[in-house]
Amino acid sequence: MPETLAALWALGVEIDPRHGQKFRGICFAQDGARVVADFPQGPGIGLRRPLLHERLIARAEECGVQVLWNTPVSGVDAESVRVSRGKIHARWIVGTDGQGSRVRRWVGLETTKRNRQRYTRRRHYRVKPWSNYVEIYWGSHAQAYVTPISSDEVCVAVMSERVEHSSFDSALRELPELNDRLGGAELSSRERGAVTSTRSLRNVQRGNVALAGDASGGVDAITGEGLRLAFRQALALADAMAMNDLSQYERAHRVLERRPIVMGNLMLWLGRNPRIRTRVIRALQSKPDLFARLLATHVGQGTPAELLSTGALLGWQLLAV
Ligand SMILES: Cc1cc2nc3c(=O)[nH]c(=O)nc-3n(C[C@H](O)[C@H](O)[C@H](O)COP(=O)(O)OP(=O)(O)OC[C@H]3O[C@@H](n4cnc5c(N)ncnc54)[C@H](O)[C@@H]3O)c2cc1C
């Protein structure tokens, strides 16, 4: 997403568009209906995660970070981190160990304000991207999103609240238009599955330990916001460490997660309410600038007042369709 690229840039990581595929914005597709909007701040870039990681590792090493590969952390205490070869003294400890974070458990930060999980699977297909947009296909029980990642490859992720609806067979049966697009294209990676969570923690720091990334909460994968949040949290955490005050990070974290959680909940609500969703897509088709305004809010370019006025306009439009 463009805002993720901006966060990466702030961390000193530049992504060359040639390493992936540019996309202009988002498209919603359902039963032959389509509605598209461009990102207000320029294109996003679809790319494979290992390429992104290469860039992150190179930047970390450039900053003097010593990375200990194949060295699982097995415990933390007030002043150190335990690994197989002994203890490593630490002024600060940052748990970035993902959704199932053990650091979170070890330091007693498990208490959640909300936690909702969905099941996801992803595949890469060897096929020329047919759209300049990330497409979100809405089915009765599942959604699929398609990201162009090179001139001859797309990534397809399917997601559902129920595990039996999250398989590709089940989702593609619900989404014949997408099934036709893929047209039996060859797979270019092994299919993988994951759980995606909308989780918000009461606290993300205690003593000299802070959590960041999915360990510190998270938004559903359909938002495409997980990485941006992690990068922005990293920047906020660095500022808080410089001020010797992790509570400052906790406050910044709360502000950062607010909008993606609201937008994620809106998407999940649309997913669960097919009749309302159909009317929303029809309303957005007849007023495409409304979709552009919603997308601008999603990517952080709108104020809460603008979101409210867009919501009111959408409500008005819903009455008309
Ligand atoms: C299907 C799917 C599609 C998604 N698509 C997007 C997208 O398009 N854009 C986007 O921004 N986000 C997307 N997300 C969300 C994104 O993947 C996550 O938000 C992001 O990976 C979080 O990064 P993280 O580093 O916090 O956690 P993770 O990526 O989970 O990394 C945690 C790391 O910690 C390591 N670790 C765990 N325990 C230990 C230990 N004890 N010692 C040492 N290391 C340990 C793990 O090996 C792992 O490498 C998607 C998620 C899913 C499921």
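Me: How do E10 and strand E11 pair, parallel or antiparallel?

Reply: Strands of a sheet pair through backbone hydrogen bonds, and the sense is either parallel or antiparallel. In this predicted model, E10 and strand E11 (residues 142-150) are antiparallel, with four bridges.

Me: How many residues lie between E10 and E11?

Reply: Three residues lie between them, and the two strands form a hairpin.

Me: Which sense does the pairing of strand E2 and E10 have?

Reply: Strand E2 (residues 25-30) pairs with E10 in the parallel sense, over five bridges. As an entry point, take Cys-27: its bridge partner in E10 is Glu-135.

Me: Why is E10 largely enclosed by the rest of the structure?

Reply: Count the buried residues, where buried means under 20% relative accessible area. Strand E10 spans residues 133-138, and six of its six residues are buried, so the rest of the structure largely encloses it.

Me: Which residues of E10 sit on each side?

Reply: In a regular strand, side chains alternate between the two faces of the sheet. On one side of E10 are Tyr-133, Glu-135 and Tyr-137; on the other are Val-134, Ile-136 and Trp-138. Both faces are covered, and all of these residues are buried.

Me: Now the open sheet. What is its strand order?

Reply: Its three strands run in the order E5-E6-E7, with antiparallel pairing. The edges are strand E5 (73-76) and strand E7 (86-89), each of which pairs on one side only. Direction ignored, neighbouring strands of this sheet are turned by 30° against each other on average.

Me: How many bridges link strand E6 and E7?

Reply: Four bridges link strand E6 (residues 80-83) to E7, in the antiparallel sense. Val-83 stands opposite Gly-86 of E7.

Me: On to the ligand. Which residues are closest?

Reply: Start with the shell. It holds 17 residues, and the closest are Arg-49, Val-73, Tyr-145, Asp-214 and Leu-227. By class, the shell divides into six nonpolar, six polar and five charged residues.

Me: What share of the ligand's area does the protein bury?

Reply: The protein buries 61% of the 1,000 Å² that the ligand exposes when taken alone.

Definitions and conventions. Residues are numbered from 1 along each chain as its sequence is written. This is a predicted model: local features need pLDDT of at least 70, side-chain atom pairs count only at pLDDT 80 or more; totals for chains, interfaces and linings use all residues. Side-chain values use heavy atoms; hydrogens and water are left out. A residue is near a molecule or strand if one of its heavy atoms lies within 4 Å of it. Accessible areas come from the Shrake-Rupley method with a 1.4 Å probe; for residues, only the protein chains shown count as cover. Ala, Val, Leu, Ile, Met, Phe, Trp, Tyr, Cys and Pro count as nonpolar, Asp, Glu, Lys and Arg as charged, and the others, Gly among them, as polar. Two strands pair if DSSP finds at least two bridges between them. Axes are lines fitted to C-alpha atoms, for helices over the stretch in contact, and angles run from 0 to 180 degrees between N-to-C directions. Buried means under 20% relative accessible area, exposed over 50%, partly exposed in between (1.4 Å probe, protein chains only).
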